[in-house]
Amino acid sequence: MANIISDETIEYVGILAKLELSSEEKEVAKKDLADMLNYIDKLSELDTTGVEPMSHVFSAGNVMREDVVTNGDGSEDTLSNAPSRKDDTFIVPKTVEG
């Protein structure tokens, strides 16, 4: 099926793309767009019965490991260096007046 791209369509695409095309460039663009649409039409002829839709060419699985603590959080060691602490937090001087 031949797709015919009108001059108006090329003008509109040029406006959307913020392009200023010469007459020759418009003719080349019309041919290129028609070729692309013809190719898409050709692809639609393929029998895809039983073919599952996919989002990637290769299967993508979760590659993240299980979130398991192996060496503890180290919070007690960290807090042991605090000049002052309350429960599990540092106590620091106030830095904002208010």
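Predicted model: local features only at pLDDT ≥ 70, side-chain atom pairs only at ≥ 80, totals over all residues.
Residues are numbered from 1 along each chain as its sequence is written, and side-chain values use heavy atoms, with hydrogens and water left out.

With both side chains still on display, look between them: Lys42 forms a salt bridge with Glu45, and their closest N and O atoms are 3.6 Å apart. The term salt bridge is used for a side-chain nitrogen of Lys or Arg within 4 Å of a carboxyl oxygen of Asp or Glu, and a search of the whole structure finds 6 salt bridges.

Next, select Glu11 and Lys26, whose side chains meet in a salt bridge at 2.3 Å, N to O. This pair links distant parts of the chain, since Glu11 belongs to helix H1 and Lys26 to helix H2, 15 residues apart; helices here are DSSP runs (H or I, at least four residues), numbered from the N terminus. Glu11 is partly exposed, with a relative accessible area of 38%, and Lys26 is also partly exposed, with 25%.

Now show the two helices as a whole. Helix H1 covers residues 7-16, and H1 and H2 pack at an angle of about 100 degrees with their axes 10 Å apart, the axes being lines fitted to C-alpha atoms over the stretch in contact, with angles that run from 0 to 180 degrees between N-to-C directions. H1 and H2 are therefore roughly perpendicular to each other, a description that applies from 65 to 115 degrees. The contact (heavy atoms within 4.5 Å) is made by Asp7, Ile10 and Glu11 of H1 together with Lys26, Glu27, Ala29, Lys30 and Leu33 of H2.

Move on to Glu76 and Arg85, whose side chains meet in a salt bridge at 2.9 Å, N to O. Glu76 counts as partly exposed at 45% relative accessibility, and Arg85 is partly exposed too, with a relative accessible area of 34%.

As a last stop, select Leu43, which has its place in helix H2 (residues 23-43) and is partly exposed, with a relative accessible area of 41%.

Note on methods:
Buried < 20%, exposed > 50% of the residue type's maximum accessible area, 1.4 Å probe, protein only. Parallel < 35°, antiparallel > 145°, perpendicular 65-115°, else oblique.
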